[in-house]
Amino acid sequence: MKEEKSQGNTNSLNLSDLADFQFGPAWARPGAASSPAYTERPARESRAPRRKESGERRPFNRDKREGERAPKRDTRRNESRREARPQRELPAPAEGFRVELRPANSILELFASNIQKQKRALPLIDLARVVMGDKARYDLVFMKMEDGPMLIHSTKGDQACWLTEAEATAYLWKAPWFAELYTREEIEIDAPNGSFNAVAVCSLGGEHIGPVTWHGYQAALMNLYRSKYATMPLDVFKNRISVDKSEETVAAWVQAASHKTVWKPTREGAADTILEDQRAVEADFMANHYSSVYEVVDKVFINGSTPRAVLSPGIAAHMAILSDKTRRFPQMLIPNLCHGMARHHLPIYKWHGNHFTGPSRVRALPEDTVLADRMMAIMNWAKENSGKKADLMFAELSGVPAGEDEASRQAATDAHAPYVADMIWLLEQGYIVVTSDNAVWFPKGEAAPEPATKPQPRKKNKKGKKAPAPQKQGTPEA
């Protein structure tokens, strides 16, 4: 308390350090009209009348209308373009999991530290919109059900997560940690024998696979698929293969085919081992590194900013669907936001029909409470001017408004400082509320009634037996 009082200026009641998050709708931002219960919408502009109010209607001239009528647009070209570019279908979400979207702990810590610092009451729906404003601010939690598949999670910090060993092994070629395990070398070999007139080319990345009649074509095709495009279906990949008959393409392939890529493990004691193809590398990885790179888990947290390329398609589909749905309906996040804020020791309460969090739960000031003069002045002002700005309250109670020059502003700051310190205590007790737009509210009308201290005696019925105890009514949330 002493540390907060020592600040002694109105800047301690400013949310400027969270301006990037844009808390709340327009009315909840600094400089706008305040109301925590609703948003005032501007009146619609009156539409211009469709007809001129001039007594007579204009005669209808069919010939003139036909001449002025705009020609119909030919939409066949646009339709053909849409058909030529089919929408990429999202893979089916993997079954056997319970998936939740939760606020990341980093954003919860930021919320908690700034709420305790700024003493603001904030609606959880606005915090939910802040969370969904950036993929890095939320996590998706995958929890394996009884008959669900295994979750293979990377231990290298790249967030990679797979559902099968084949997917986990194929990721080896794109993993940022590949160079830690293997080194790549190029060696010269004899050029392929034969006369080749065309080369198969992958349109996805422009890679030259080789002539279809070449004996190594199938192996080269599958090696390219496993190393770069294993996340897409094999049939889709094969449909992106075209044939190029140009002499330059054939010559470039022959030049590339005269060199061979081999790999050497970097682990101790394997410097002389040469792995001549990708199958050999994958077999070596499974035998020597798989268990140290991956762990099999029943529950995993995956940040919303994780690229889909490092996730199993079934997991990425869950992420895309749930993220999009929660972004459109942020109220879905409120239950997990309640749990997260509670873990950071912040209360959750209902006020003005919405769930709020703040430095304290709102409550009425007990009638027998004796407050200091400044605190009582603040309470009385808030009761009579609920919803007005804190700057106005400080100016009226201290009698020193903030001026335009530096000396006047400093004088106002010094005069307001005692009231700021006392108001901080009232905010921590929940007797008054300050929202993110710097408005001061008197929440007595919304506070929960105090429960009865003494139970009422039960009446006896005609047979001399006590009547059953009445059911307890739930105390309304403060």
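Leucine 122 stands opposite threonine 357 in strand 14, strands being DSSP runs of E with at least two residues and helices DSSP runs of H or I with at least four residues, both numbered from the N terminus. The structure is a predicted model, in which local features need pLDDT of at least 70 and side-chain atom pairs count only at pLDDT 80 or more, whereas totals for chains, interfaces and linings use all residues. Residues are numbered from 1 along each chain as its sequence is written, and side-chain values use heavy atoms, with hydrogens and water left out.

Strand 2 and strand 14 run antiparallel and are joined by 2 bridges, two strands being taken as paired if DSSP finds at least two bridges between them. They belong to an open sheet of 3 strands in the order 2-14-13, with antiparallel pairing. Strand 2 (122–123) and strand 13 (348–351) stand at the edges of this sheet, and because each has a single partner strand, one side of each is left without a neighbour in the sheet. Within strand 14 (residues 354–357) lies histidine 355, which is partly exposed at a relative accessible area of 29%; here buried means under 20% relative accessible area, exposed over 50%, and partly exposed in between, computed with a 1.4 Å probe on protein chains only. Leaving aside neighbours within four places in sequence, histidine 355 is in contact (heavy atoms within 4.5 Å) with Leu122, Pro123, Leu124, Ile348, Tyr349 and Lys350. The C-alpha atoms of histidine 355 and proline 123 are 5.8 Å apart in space, although the two are 232 residues apart in sequence.

A further open sheet of 3 strands has the order 5-4-11, and its pairing is antiparallel. Its edges are strand 5 (161–162) and strand 11 (294–297), each with a single partner strand, so one side of each has no neighbour in the sheet. Strand 4 (residues 151–154) pairs with strand 5 in the antiparallel sense over 2 bridges, and histidine 153 stands opposite cysteine 161 of strand 5. Cys161 is also one of the contacts of serine 312, together with Trp162, Leu163 and Glu167, when neighbours within four places in sequence are left aside. Serine 312 is placed in the loop between strand 12 (299–303) and helix 13 (313–328), and counts as buried at 1% relative accessibility.

Grid points are joined across faces, edges and corners, and a volume is the space filled by probe spheres set on the points. The largest pocket holds about 1,300 Å³ of space and is lined by 36 residues, of which Ala220, Asn223, His259, Thr261 and Gln278 lie nearest its centre. Helix 8 gives the most to this lining, with 9 residues, and among the other elements that each supply at least two residues are strand 6 (182–188), helix 10 (247–257), strand 10 (259–265) and helix 11 (278–288). The lining comprises 16 nonpolar, 10 polar and 10 charged residues, where Ala, Val, Leu, Ile, Met, Phe, Trp, Tyr, Cys and Pro count as nonpolar, Asp, Glu, Lys and Arg as charged, and the others, Gly among them, as polar. In the whole structure, 2 cavities of 30 Å³ or more are found, and the second largest cavity holds about 40 Å³ of space. Its lining has 8 nonpolar, 2 polar and 1 charged residues, including Lys119, Tyr349 and Pro359.

The whole structure contains 12 salt bridges, each a side-chain nitrogen of Lys or Arg within 4 Å of a carboxyl oxygen of Asp or Glu. Aspartate 437 forms one with lysine 389, with the closest N and O atoms 3.9 Å apart. This pair links distant parts of the chain, 48 residues apart, aspartate 437 lying in the loop between strand 15 (433–434) and strand 16 (440–441) and lysine 389 in the loop between helix 15 (373–384) and helix 16 (390–398). Aspartate 437 counts as buried at 4% relative accessibility, whereas lysine 389 counts as partly exposed at 26%. In the salt bridge of arginine 409 with glutamate 406, the closest N and O atoms are 3.0 Å apart; because these residues are 3 residues apart in helix 17 (residues 406–429), about one helical turn separates them.

Notes. On a 1 Å grid over the protein atoms alone, a cavity is a set of points where a 1.4 Å probe fits but cannot get out, and a pocket is an open set with protein on both sides within 12 Å along at least five of seven lines; lining residues have an atom within 4 Å of a point.
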